[in-house]
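Visitor: I would like to learn how to read the inside of a protein model. Could you take me through it slowly, one feature at a time?

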Amino acid sequence: MHFIRLIRPINLLVIILTMYGIRVFFIPYFSEDVLLKRSHPNEAIDYFLLVFSTVLIAAAGNIINDYFDVKADRINKPNKVIIGKYIKPRWAIVSHWILNFVAFSIACYLTWAYETFWYVFIHLLSINILWFYSMYFKRKFLIGNLFIAALTGLVPLLCGIHFLGLTTPFQSANFMSDFKEGANWISQLNLKIFFVVALAFFASCLNLVREIVKDMEDVEGDLLLKAKTIPIVLGTNKARWISLFGLLAIIGVSLPFLIEGYSVFNQTFIRVMGPSFIIYLLLIICCILLLNKPDRSRLKHIDLILKITMLIGCCMPFYWYFL
């Protein structure tokens, strides 16, 4: 039970929903009888392995993050300290490396099966970033936040790379002759790739704001570690305004993309604005909470609302698919 709490199952659930949501997003634009089965007959199993390996790396990252943050967590969240209290530090390290080893082994298999170096590269990059982030960069001004935001964006990008790789054997004259609407299919696929990139960008921006909010919440413990987070260097008031304008920018920039994007795929206004309305409402609530200088309790509420917002965003492809 304590180990499950250590790996943060809710965060892992967000990753799983994101990756399978993107699968639901892509699959209708593939011919199930031809593309997936002819190119990679075990694609569904391979995709499960891709999701599983990504979750393992994230779980290992959560473990190593708590390992290096024990001193700060004793002040910031004393009731949630696990390493040193319920799990010995050496077992936390062993668990971290076992999870990463299994994930990297899966990446090696996927690299061999799909003849692309992307899987090994992204998995190895993620493992190293999470290690150095927890050990060093987390306590540096802005750079740690940017690393975590970038890793958030890597999740949908990795899925996009996977589905783009499925088309490789068919981008030839034979493929075009076999399908009368081949050019239209490729155009639709390119639109899918574009919106996955947009999703990665906005997910990164939203998580960047959430990381700043979390740093505001953890100032007391971070001071003990001599960290130089945004709230410590610039002050919590400036960090609050940065978070507020960040959320407003996400709302303002994403809305035209959302409406225009799904109009391309002939979605009705209700389909577009159903769950999106809830997301924007939650973001506006966060902005209102940030208008006045929030205490630690309110910051926890903002963090929770942002997490719920990301969870709803992950579920949106399923909503459109089954509607």
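Visitor: Is Asp66 buried or exposed?

Guide: The general idea is that buried means under 20% relative accessible area, exposed over 50%, and partly exposed in between, using a 1.4 Å probe and protein chains only. Asp66 has a relative accessible area of 11%, so Asp66 is buried. Before we go on, keep in mind that this is a predicted model, in which local features need pLDDT of at least 70 and side-chain atom pairs count only at pLDDT 80 or more, while totals for chains, interfaces and linings use all residues. Residues are numbered from 1 along each chain as its sequence is written, and side-chain values use heavy atoms, with hydrogens and water left out.

Visitor: With which residue does Asp66 form a salt bridge?

Guide: Side chains of opposite charge can pair when their charged atoms come close. A salt bridge is counted when a side-chain nitrogen of Lys or Arg lies within 4 Å of a carboxyl oxygen of Asp or Glu. Here Asp66 pairs with Arg8, and the closest N and O atoms are 2.5 Å apart. Arg8 lies in the loop between α1 (2-6) and α2, whereas Asp66 lies in helix α4, so the pair ties together parts that are 58 residues apart in sequence. These helices are DSSP runs of H or I with at least four residues, numbered from the N terminus.

Visitor: How many salt bridges does a search of the whole structure find?

Guide: The search finds 5 salt bridges. Among them is the pair of Glu43 and Arg23, whose closest N and O atoms are 2.8 Å apart. Glu43 sits in helix α4 and Arg23 in helix α2, 20 residues apart, and both Glu43 and Arg23 are buried. Another one joins Asp303 to Arg210, with 2.6 Å between the closest N and O atoms; Asp303 belongs to helix α15 (residues 296-322) and Arg210 to helix α10, 93 residues apart. Asp303 and Arg210 are both buried.

Visitor: Which residues touch the most other members of the largest nonpolar core?

Guide: A nonpolar core is a set of buried Ala, Val, Leu, Ile, Met, Phe, Trp, Tyr and Cys residues joined through side-chain atoms within 4.5 Å. The largest one here has 46 residues, of which Met19, Tyr47, Leu50 and Tyr119 touch the most other members. Helix α4 gives the most to this core, with 10 residues. Leaving aside residues up to four places away in sequence, Leu50 touches Met19, Leu110, Tyr119, His123, Leu158 and His162, where a contact means heavy atoms within 4.5 Å.

Technical notes:
Helix = DSSP H or I, 4+ residues; strand = E, 2+ residues; numbered from the N terminus.
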